[in-house]
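Dear colleague,

Please read the two side by side.

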Amino acid sequence: MSHTQRRGRRIMMTDAERDAYLTQQRTCRVATVSADGRPHVGALWFVWDGTSLWLYSLTRSLRWAQLRRDPRIAVVVDDGVEYGELRGVELSGTVSPVGGVPRTGESCPELDHPERLFAAKYFGLDVMPHDARHAWLRLTPEAVTSWDFHKLSGLG
């Protein structure tokens with residue numbers, strides 16, 4: 001194992017650190033792929049339920065059109081200014097829409113929990129407001145990578 005691999009493992013977040021981080025952060029960057037292979041990256045609000053990342057996206061968007069054609073996605077949530085403060089999580093896999101497209105508030109028990117989380121996080125509400133312009137995408141990641149450079153201060 002190389003020094004870089006050992007360091008990479010030592011700066012990884014624990015599952016609990018990752019869950020807390022993803023719960024606290026507000027914006028992620030979502031990468032999709034166009035028909036000709038060009039990447040497209042855009043910012044979205046999200047919630048993490050400990051298993052899946054729930055993305056709330058405009059349905060009339062380039063992102064939505066690209067994901068209908070090719071549901072593969074990579075998402076990065078990161079922060080920090082100085083080198084020793086950098087931390088983040090990358091999640092990748094295949095997304096699937098959940099609930100109505102667009103979402104108008106009809107009953108969908110699978111969305112009860114993520115919508116409660118989202119309403120509290122972004123709107124300070126108990127109930128999710130629906131605008132009939134957005135819909136839910138669920139990413140249950142196939143791969144997760146994390147880093148927390150705060151941990152470097154203890155490495156020699």
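**Aromatic rings**

Tyr 56 and Trp 136 are both buried, a term that stands for under 20% relative accessible area, with exposed meaning over 50% and partly exposed the range in between (1.4 Å probe, protein chains only). The model is a predicted one, in which local features need pLDDT of at least 70 and side-chain atom pairs count only at pLDDT 80 or more, while totals for chains, interfaces and linings use all residues. Residues are numbered from 1 along each chain as its sequence is written, and side-chain values use heavy atoms, with hydrogens and water left out.

Rings of Phe, Tyr and Trp (its six-membered ring) are taken as a pair if their centres lie within 6.5 Å, and planes under 30 degrees apart count as stacked, over 60 as edge-to-face and the rest as tilted. By this rule there are ten aromatic pairs. One of them is edge-to-face and joins Trp 45 to Phe 123, with 6.2 Å centre to centre and 70 degrees between the planes. Because Trp 45 lies in strand 2 (residues 39-48) and Phe 123 in helix 4 (residues 112-123), this pair ties together parts that are 78 residues apart in sequence; helices (H or I, at least four residues) and strands (E, at least two) are DSSP runs, numbered from the N terminus. Trp 45 is partly exposed, at a relative accessible area of 36%, and Phe 123 is partly exposed as well, at 37%.

The ring centres of Tyr 56 and Trp 136 are 4.6 Å apart with the planes at 40 degrees, so this pair is tilted.

Best regards
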